[in-house]
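Work through the exercises below with the structure open beside you. Try each task before you read its solution.

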Amino acid sequence: MIYSLVGYYSLILGLIIGLSLFYFSYKNFNNSNILDTKILSFTFLQLFFVIISFLCLIFSFVVSDFSNETVFNNSHTTKPLFYKISGTWGNHEGSLLLWLLVLTLFIFLFLVRTKNQPVKYKILTLVFQQIIIVGFFLFLIKTSNPFNYIFPIPTEGLGLNPILQDPALAIHPPILYLGYVGSSIIFSSVLAATSLKIISTSWASHIKKWILISWIFLTLGILLGSIWAYYELGWGGFWFWDPVENVSLMPWLALTTLLHCILVLEKKSILTSWVIILSIATFTLSMCGTFLVRSGILNSVHTFANDPERGLFILVFLFILIFLSILIFFFFHKDNDRKSSSFFWLSKETSILINNWFMMYFLSVVLIGTVYPIFLDVISSQKISVGPPFYHKLMIPFLIPFLLMMAIGPKLRWIKSQLKDKTYLISFFIISILLAFLVLKNFNQNILINTILISSALYLFFITLRDFFVKKYKNISQNISHFGFSLLILSILFNSLFSSEIITNLKIGETFENSKTKIVFESVDQKKEKNYNAIIGNFLISNHDGGEDRFSPQLRIYNQPVIATSEADIKTTLMSDKFIVINLVQNQDFFNVRYQVKPFMLWIWLSVILISLGGIVSLLKKDNEK
Amino acid sequence: MKVLRFFLIIILFFTFSVLKADELDKRNNITKNLRCLVCQGQSIYDSDSEFANSLKILVDRKIDEGLTEAEIYEYFKNKYGEWILYDPKLNKNTYILWFMPLLIFLFGGAIIFKKLKKKHD
Amino acid sequence: MKNKILPFSVIIIFGIIFFIFYKGLEDSKIYTPDVNTKKEIPDFNIKEFFSGENVKSSNIFKLDKIYLLNIWSSWCVPCRQEHAFLMNLSLDNKVNIIGMNYKDNLSNAENFLKELGNPYKEIYIDLDGTIAIEWGAYGVPESFLIYNNEIIKKYIGPLNQQLIEEINLLIK
C-alpha cells in the first residue's frame, strides 16, 4: 500500500522537476558560462525520484502487495524471490519505468561526465533529453501507471508467464534497455550540437564514448535475448526473425554504422550530415520498435498486454520527435563538408563508406521486412507473412562482399593508400576458398553459395587472426570485434549446415535406433515444486562411437498461471550442444521426442561476447588516454 | 599459424560425421516456412500446438504422395491464405517488399560513386 | 529550390508513414483465414464413430442438402458451451449436423455425448487432426455450413445464439 503511494508521488515529483528544468535551462542558457548548480542538482533529484519509484515497485513485488494492479497481474506468492524481482520489469508498466530510469540516469551521467564542451551545448542536450523524459513520464502516468490500486485487495496474484521465468531473461531487459534507451543521449546530444553548429572532431571523440556504451549494452542485450530463445522457446533455434527480435536488431545496425562513421568524423571532419542522420535514426528506431511491440500492431511470440491508447500515445510522441529532428536538421545544419570532401577510392574512409552502405542495406531489409505486412494490410487489406526465408535470401548474398571488405578495409590508411606488399591478402584468400571447398565437399554439402560464404568468413577469420600476432596492440579493439564477427558467421554457418535432428514418438521403455544414434526412453519421474509440477523423462542416448549421455528433459505444468511448458535438457560441450526436448501429444500414450546435435552452439555466444569485448577494450583505451 | 590451420581442419573433419536423411530434411524445411495459426509468432516447425502437430503429419503424407515443395506450399495457401507462407511469393503485392531494399542498395552505391568521382574533377 | 524540395518530401514521407501506422492500429492483428469465400469441400476417407468403418466423403455429403459440419472434442471447453445450441438446432431438423470428433479418446467422447446429448446425424473420427486441416480448420470448435458440396460459410470458435440465428437465416 504505502509503496504504491510513495512510488506514484515520486513519479509526479519527477515530472514536475522535468518541467521546472525547462525553465531553469531557459534562464541559464543566455546568461552564464558555467552550468548552474541548480540544474545539476535538479537532474539528480529527478533521477533520485525515479529510483525511489522503481524501488517501490520492486518492494511491492517482493512483498507480493496485491493491492497494486501490476503486481496482481504479474506475480504470485509461490514464485521464487529472484523471479519476483525480475517480474518488476517483465511487464509493460514496470519495463516503462525502467525506460525512465535509464533515460534519467544517462542524462545525469552525461552532465557529470562531460567536460571540455560548451555549457550551452550541455544545457541544450538536457532540454532535448527532458522532452523525451517528460513525454515518458506522461505516458507512464496517463496510460500505464504501475501503481494502480485494486479494491477489494485480492489474496493471490495471477502469476508470471513461466516462459519468462528464466535467468537470461531476468537480466535481459535491463541490459538491453541500457543500450536501447541509452541511445537517447546520442539523439539529444546530436540535436543540441546541430542547433549550435558545433559538430566537429572534438564533439565526435566526446560522443564516441556514449555510442560505445550504448553499443556494448545493446550487443549484450540482444545476445541474452537470443540465449533465452534458445533455452526457453524450444527446438534449438536462437534467432527467429521475429518482429521483436528485428526491432532490437535495427537500432543495433544503425548504431554499429554510426560507430564506424564517427571514426571518420573524428579523424577527418567529414560526413557530418550522415552522422547526424544516423544518430537520429538510432534512437528513432528504438522508439519505433517500442511502438511496434507495445501497440500490438504486429503479432509475435512475445506478447505484451496490448492497448490501442498506448500505441497511439507512443506513435504521436515518436512522430513529434521525428518531425522535431527533421526541422532542426534542415533548419540549422549546413553541410560544410565540401571543402574537404575528397575521397580517394582506396582509403580507409572509402572502406568505411562501403561498410555504411552495406549496413544500411541490411537495415533496410530488416525494416522493410518487419513493417511491410502492416503497410500492405492498411493499403490493400492483404495479409502476408514475412519470415526467415525473406531475410536469408536478401542478406546472405550481400554478406560475402561485406565480409571481404571487413577483412581488407582496416588494412587501408586514411586519405590515400596503396596495397603494396600485401601478397598475404591474396594467399589467405586462396587458402580460405580451398579450405571451405574441402570441408563442404567432405560432407556432401556442396552448394556453391555456402562455399563462397564460408571462404569469405574464413578469410576474415585468418586476416584478423594474423593481425593479433603481427600488429599486436594496434587497433586491437577493432580487430577483436571483427574477429568475433568472423567467428560468429562461421559458427552460425556450421551450426545450420551440420546440425542433425531426430524426431520420433516414444513410449516409456521404447528404444529408437538409427545408424548413428540410439535413444532409450528409460523411465518417467514426477516432481513437485512450489510453483510447478514436473514430469521428467529419463533418456539414455548413445552414439555410434560409444559415447553415452543421460538426459532428463521436463514437462512442467505451472500452477499460476496454468501453463504447460517443456524444458529442454541441453548438454553443452566446447564443440557441440546436444539438445533434447519432449512433448505430450493429446490423448496419446507416447511422447514426442526431439533430439538435436548442434555443433558450435557455444561459439555463437562466445563470438558475440568477443564482438562486444572489442567495444569494451576501445572504451577502456579511451579512458586511459585521458 | 600452420599448426593452427591444421588443428582447425582436424576439428572440422571429426566433429561432423552425421549424414542427414533427405526426407526429414525436406519436411523440416517445409514446416519451417509455414506459419502456425495458433501461436501466431512461430513456425509450424517450432510450434508444438495440436494444429502444428497435425500439420506436420500431413506434410509427411504429402511428401509421400510425391508432391513437390512448391505444390505443398500451394496446397496450404489454398486452405489458409497467403499468410501461412513465411516466404512471400513475388507478385504485385510484394514487388515493393522484394525490390525496395535492392533499390536502396543501388541508390546508396550511386551516392558513394558520386562522392568518389567528385575528386577527379 | 533544391533546398526546399528535400525537406518537404521528407516531411511528406514521414506524414504518410504516420498515417499508415495510425490506420494499422485500428484493426486486430490476430490472423483468421477468410470465412466468407465459397469453396469446394475436400475429398477424404474417414472412420465412422461407432462402427469404425471407413467412409468416403462423397458418400457423406449429398447434393441439394444442407449440412453443418461441426468439429468437436470432449477435451475442448468451448465445445461444452456450444453443445446446447447444437442440440437446439438439431430439433428443427432443417439441417443435417455432422460431427467430426477431433483428436479424442473414444470413451471420453462417448461419455460427453451421453452427458450432453447427441445432436449429430452422423459422427466421424479425425484421430490425428489431418482431416480438419483438409477442411482448412485450425482449432476446435469450428463449423462449416455446406450446400451442394460447397462450403458456404465457416465459423471459427464456438457457435452462440446469434450465430444459430444467422445459420437459420442462411438456410432459408
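**Exercise 1: The build of chain C**

Chain C has six helices and eight strands. Helices (H or I, at least four residues) and strands (E, at least two) are DSSP runs, numbered from the N terminus. This is a predicted model: local features need pLDDT of at least 70, side-chain atom pairs count only at pLDDT 80 or more, and totals for chains, interfaces and linings use all residues. Residues are numbered from 1 along each chain as its sequence is written, chains are lettered from A and ligands numbered from 1 in the order in which they are written, and side-chain values use heavy atoms, with hydrogens and water left out.

Task: Write down the order of the elements of chain C, then explain why chain C is more spread out than a compact globule.

Solution. 
- Step 1. Start at the N terminus of chain C and read α-β-β-β-α-β-α-β-α-β-α-β-β-α.
- Step 2. The radius of gyration of chain C is 22 Å, well over the 16 Å from the globule rule for 172 residues, so chain C is more spread out than a compact globule. The radius is taken over C-alpha atoms, and the rule is 2.2 Å times the number of residues to the power 0.38.
- Step 3. Now look at the box: along the principal axes, the C-alpha atoms of chain C fill roughly 85 × 35 × 30 Å.

**Exercise 2: Inside chain C**

Task: What percentage of the 172 residues in chain C is buried, and what percentage of its contacts between residues at least 6 apart joins residues at least 24 apart?

Solution. 
- Step 1. Buried residues (under 20% relative accessible area; exposed is over 50%, partly exposed in between; 1.4 Å probe, protein chains only) make up 46% of the 172 in chain C.
- Step 2. Take contacts (heavy atoms within 4.5 Å) in chain C between residues at least 6 apart in sequence: 72% join residues at least 24 apart.

**Exercise 3: Where chain C meets chain B**

Task: How many residues does each chain bring to the contact, and which three residues of chain C supply 43% of the area it buries there?

Solution. 
- Step 1. Chain C gives 18 residues to the contact, and chain B gives 19 residues.
- Step 2. The area buried between the two chains is about 1,500 Å², with 55% from carbon and sulfur atoms. Buried area is the accessible area (1.4 Å probe) that two parts lose on being put together, summed over both.
- Step 3. Tyr31(C), Ile133(C) and Tyr138(C) supply 43% of what chain C buries against chain B, more than any other three residues.
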